[in-house]
Amino acid sequence: MYEIMIVDDDAQVLDMVELVLKREGYHVLRAFSAKSALETIENETPDLFVIDAMMPDMDGLTLCRRLRAMPRTTNTPIIFLTGNNSPHTVVDALNSGGDDFIRKPFVPRELAARVRAHIRRSVFYSDGDVAAIRIQSNRYRVYVNDAEVLLTRVEFDLLKYLCTSPYRLHSTEELLANVAVPGWGGRCGARAQSCPQPAS
């Protein structure tokens, strides 16, 4: 079960977001302040954060920068919530290290959908026994636990495609349809049977 931390100084917002996420089957951690959130993650490592951009003492953007500086949460998805009167913009949120930005009042289905999307797309894993994979698409580089791994272009494209949906099985037909393989005439289309067979 995925674990999501909500950080907001408004108890009503905390209750609403918690209800939405629990209906989706997530385990929820609550924090009323940035300080409380930082204390909690000393013993817990959430799979995603939902953070209010405006909070007393330490605002959400500062908390986000703190999380990005911590090895355990440097790649954890962060979604910002903020009211219409917030001085913070989408650009501010993204520049601080956030991944998404939703204005209050929000539509519960939209929040749930965005949480699902960010968890689905995440290719970073925090389990101690599982390697952390980082892909730099624009440079065609892959790092496992911060060590670069040399891959061919086909291997890179295959890994990148698999990481877009890491929690489901992929058929041979699907892989051939979406990953270009030299010698097979580029992407082979939807059916492997239609692909030319390599010469023996």
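Q: Contact here means heavy atoms within 4.5 Å, so which elements do the buried residues of α3 pack against?
A: This is a predicted model with residues numbered from 1 along each chain as its sequence is written. Local features need pLDDT of at least 70, side-chain atom pairs count only at pLDDT 80 or more, totals for chains, interfaces and linings use all residues, and side-chain values use heavy atoms, with hydrogens and water left out. Helices (H or I, at least four residues) and strands (E, at least two) are DSSP runs, numbered from the N terminus. With that settled, the buried residues of α3 pack against β1 (3-7), α2 (34-40), β3 (48-52), β4 (78-82) and α4 (90-95).

Q: Which residues of helix α3 are buried?
A: Buried means under 20% relative accessible area, with exposed over 50% and partly exposed in between (1.4 Å probe, protein chains only). Helix α3 spans residues 60-68, and its buried residues are Gly 60, Leu 61, Leu 63, Cys 64, Leu 67 and Arg 68.

Q: What is the strand order of the parallel sheet?
A: Strands pair if DSSP finds at least two bridges between them. β2 (27-31) and β5 (100-103) each have a single partner strand, so both stand at the edges. The five strands of this open sheet run β2-β1-β3-β4-β5.

Q: Which residue in β4 is the bridge partner of Val 50?
A: β3 and β4 run parallel, joined by four bridges. In β4, the partner of Val 50 is Ile 79.

Q: At what angle does α3 run to β4?
A: Axes are lines fitted to C-alpha atoms, for helices over the stretch in contact, and angles run from 0 to 180 degrees between N-to-C directions. α3 lies across β1, β3 and β4. To β4, α3 runs at about 170 degrees.

Q: Which residue in β7 stands opposite Arg 134?
A: The open sheet β6-β7-β8 has antiparallel pairing. β6 and β7 (residues 141-144) pair over four bridges. Opposite Arg 134 stands Tyr 143.

Notes: Contact means heavy atoms within 4.5 Å.
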